[in-house]
Amino acid sequence: MEKTFFVGFVPMLLLHSLVAMAAAAPNITTDESALIALKAQITVDPDHALMNNWTIGSSVCNWVGVVCGVRHKRVVALNIRGMGLMGTIPPHLGNLSFLVRLDITNNGFLSPKSWLIFVA
């Protein structure tokens, strides 16, 4: 009886560990959460570009201004240049671990730490 318990317990323990590691690993859901956090901090969106397009029901890779990489299917670029957006940049953007290009020029954003306005 003890042998049966051990043989059945070890694979279950390994499976649980793998599932926990997969759940903790950043993925496209992490990217989606970061972008939704940015959207939540937008106070002015004159053309409703983000408010109407950045919705949880659609793929992040199809959102306006978002570019996903071919290999990993993660956000590699965010180009929201010239949309007249205003708001605060949330720290969640740091979770976009594959991001290599960010263009937020010609918008008005506040940084919560330094309170500087970024407008180009």
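Visitor: Does Arg 74 count as buried or exposed, and at what relative accessibility? Please go on from there to its surroundings.

Guide: Keep in mind from the start that this is a predicted model. Arg 74 has a relative accessibility of 6%, and because the limit for a buried residue is under 20%, Arg 74 counts as buried. Its place in the chain is the loop between β2 and β3.

The partner to look at next is Asp 31, which forms a salt bridge with Arg 74, with the closest N and O atoms 2.9 Å apart. The two side chains also make a polar contact, again at 2.9 Å. Side chains of opposite charge can pair when their charged atoms come close. Asp 31 is itself buried, as Arg 74 is. Since Asp 31 belongs to helix α2 while Arg 74 sits in the loop between β2 and β3, the pair ties together parts that are 43 residues apart in sequence.

If we set aside the neighbours within four places in sequence, the contacts of Arg 74 include Pro 26, Asn 27, Ile 28 and Thr 30, as well as Asp 31. Not counting residues up to four places away in sequence, Gly 69 touches Arg 74 and Val 76. The C-alpha atoms of Gly 69 and Phe 98 are separated by 8.4 Å, although these two residues are 29 apart along the chain.

The structure holds two salt bridges, and Asp 103 and Arg 81 form one of them, with their closest N and O atoms 3.5 Å apart. Here Asp 103 lies in strand β5 and Arg 81 in the loop between β3 and β4, so this pair ties together parts that are 22 residues apart in sequence. Asp 103, at 16% relative accessibility, counts as buried.

Helix α2, where Asp 31 lies, also leads us to the largest nonpolar core, which has 19 residues, and in which Leu 35, Leu 38, Trp 54, Val 66 and Ile 80 have the most contacts. Two or more residues of this core come from each of α2, α3, β2 and β3, and α2 gives the most, with three residues. Leu 38 shows how such a residue is surrounded: leaving out residues up to four places away in sequence, Leu 38 touches Trp 54, Leu 78, Ile 80, Thr 88, Pro 90, Leu 93 and Phe 109. In soluble globular proteins, nonpolar side chains tend to be buried together.

To place all this in the whole chain, picture three helices and seven strands, which follow one another from the N terminus as α-α-β-α-β-β-β-β-β-β. Of the 120 residues, 28% count as buried. Among contacts between residues at least 6 apart in sequence, 51% join residues at least 24 apart.

One caution belongs at the end. Where pLDDT is low, the predicted coordinates should not be read in detail.

Key: Residues are numbered from 1 along each chain as its sequence is written. This is a predicted model: local features need pLDDT of at least 70, side-chain atom pairs count only at pLDDT 80 or more; totals for chains, interfaces and linings use all residues. Side-chain values use heavy atoms; hydrogens and water are left out. Helices (H or I, at least four residues) and strands (E, at least two) are DSSP runs, numbered from the N terminus. Buried means under 20% relative accessible area, exposed over 50%, partly exposed in between (1.4 Å probe, protein chains only). Contact means heavy atoms within 4.5 Å. A nonpolar core is a set of buried Ala, Val, Leu, Ile, Met, Phe, Trp, Tyr and Cys residues joined through side-chain atoms within 4.5 Å. A salt bridge is a side-chain nitrogen of Lys or Arg within 4 Å of a carboxyl oxygen of Asp or Glu. A polar contact is a pair of N or O atoms within 3.5 Å; within protein, one must be able to donate a hydrogen and the other to accept it, and residues adjacent in sequence count only if both atoms are side-chain atoms.
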